[in-house]
Amino acid sequence: MMKQKEVEQPLLLKKHYHENCPGCKVDQAKEHKEDVTFWNLLSIWMVVLCNSLPIASLYPYIYFMVDDFNVAKREEDISTYAGYVGSAYMLGRALTSVLWGIIADRYGRKPVIISGIISVIIFSTLFGLSTNFWMAVFMRFVLGSLNGLLGPMMAYCTEIFREEKQALGLSTFSAAWGIGLVLGPALGGYLAQPTLKYPHLFPSDSFWDKFPYFLPSFTISAFSSAVAIACIWFPETLHNHPHSDETNEETEALETGKSGTDKEKIIQKDGNLLLNFPLMSSIIVYSIFSLHDSAYQEIFSLWAVSPQRLGGLSFTTDHVGNILTITGTGLMIYQISLYPSLHKACGTVRIALITGVLSIPLLQSYPFIAMLSGILLNLVISIASVLKNILTVSIITSLFLLVNGSVEQHQRGAANGISMTSMSVFKAIGPAGGGAILTWSQKRIDASFLPGTHMVFFILNVVAGCGLLLMCTPFLRVKKKTPSEQFSEASPVH
């Protein structure tokens, strides 16, 4: 009898793989520890760059692009129209994020990723060929609507690696996004208006003079074309046979020796996420700070190129590109080296509260920085920009951890879909609202209370203050970890 049990036990623990299932092939690679490959890491980098470059490259030149469209009646109104262009992408993404998530769950991550990259190729190119304001807005809106690869790519980063290496996938995602924040502004700042910057290569009265913002858009499209071809060899992680998830989870429960009750908790898919208060409170705070961040990014790029008589810095696209590149580089170094240690020392909520409080006086100092000039101005604004974005990314990253920690693993895909939809709505409001507020503030330069840009940065701080208040109890509730989860987080393998 004992021998029979010894024979049956290995058979019970053995996973069943379907021969023609791409998801099973990925699971086999994970079982044999062949999942952490240079190709898998490179694929994440390339796809995430295709998503971040079209967003980040716009900031250095959008003010000048809108000015060339001659849609604004006064110089002060340019910021408002520039905000609409920035919001169009996020509005489109907000309307379709859930739909693309459903498609990815049904037909696979790879088709959604490839279709998203193709949309970047087409509509980034057409955006560079925009001849009027409404064409630019429409192209950004369609690009946001059809580029649904961000959510599926976040799921892909965890599915392509075994559990103890999933953190590597997410950190690769974050690092690639940081690289996009470096390369995007550099592309936009250095390649826009090439006939003015490189007249020996791009003569006046040529195609490049008629479409001065086509070169950065075309460069991104060319890179995306290469990535789209490379995607043919990307492994698909979704299983194409029925009940794959349940089968694997049952096997996992048997392998780990979990009881029937524990197994039911793994397999069970019930529970209304909208009634999960720790999740929804985290998403609300996350959305508020996403609103603050998107409004700040839009305001900063517009304020930097605005004339000094309106409280701006009178920077060129090169200047803005340089500052944003320095900021992105500092941000990437911080994310990789310093944030994990600070998070471990302070905790998720505490580090968000501390950095949120520190960002308020820093942001309110921006109008005073505008009074400087020359090298000192460039030095101080670069340092301030790096610090502001470091503080912001600390808040956003902490809230992202709270969102994912509020649900079980089998619900994180749906939870991230809800989070991304809400975040995109608020990020659509941010650029349009920020541009409008900057326009209004520039019309009240001589006001007695918070004149000029003092008002716009004060309003940004009010938004941040609301987020900080909601981050406190009793509104923000953090899910209590079970003893097994606490042991898992303390384990060296994680």
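1. Helices here are DSSP runs of H or I with at least four residues, numbered from the N terminus. The model is a predicted one, in which local features need pLDDT of at least 70 and side-chain atom pairs count only at pLDDT 80 or more, while totals for chains, interfaces and linings use all residues. Residues are numbered from 1 along each chain as its sequence is written, and side-chain values use heavy atoms, with hydrogens and water left out.

2. A cavity is a set of points on a 1 Å grid over the protein atoms alone where a 1.4 Å probe fits but cannot get out, and its lining residues have an atom within 4 Å of a point; points are joined across faces, edges and corners, and the volume is the space filled by probe spheres set on them.

3. The largest cavity holds about 60 Å³ of space, and its lining is made up of P54, S57, L58, Y61, S124, F127, R140, L143, P216, S217 and I220. Two or more of these lining residues come from each of α6, α7 (133–146) and α12 (214–230), with α12 giving the most, namely 3 residues.

4. The second largest cavity, with a volume of about 40 Å³, is lined by F289, H292, S359, K388, T392 and I395. Helices α15 (277–305) and α19 (374–405) each supply at least two residues of this lining, and it is α19 that gives the most, with 3 residues.

5. Two residues deserve a look for their backbone angles, given that most residues other than glycine have a negative phi. N70, which is not a glycine, has a positive phi of about 55° and sits in the loop between α4 (62–69) and α5 (78–107). Q193, likewise a residue other than glycine, has a positive phi near 50°, and its place is in the loop between α9 (166–191) and α10 (194–197).

6. In helix α6 (residues 109–128) one finds I114, which counts as partly exposed because its relative accessibility is 22%. The C-alpha atom of I114 is separated by 8.0 Å from that of L149, a residue 35 positions away along the chain.

Conventions: Buried < 20%, exposed > 50% of the residue type's maximum accessible area, 1.4 Å probe, protein only. 1 Å grid on protein atoms, 1.4 Å probe; cavity = no way out; pocket = protein on both sides within 12 Å on 5 of 7 lines; lining within 4 Å.
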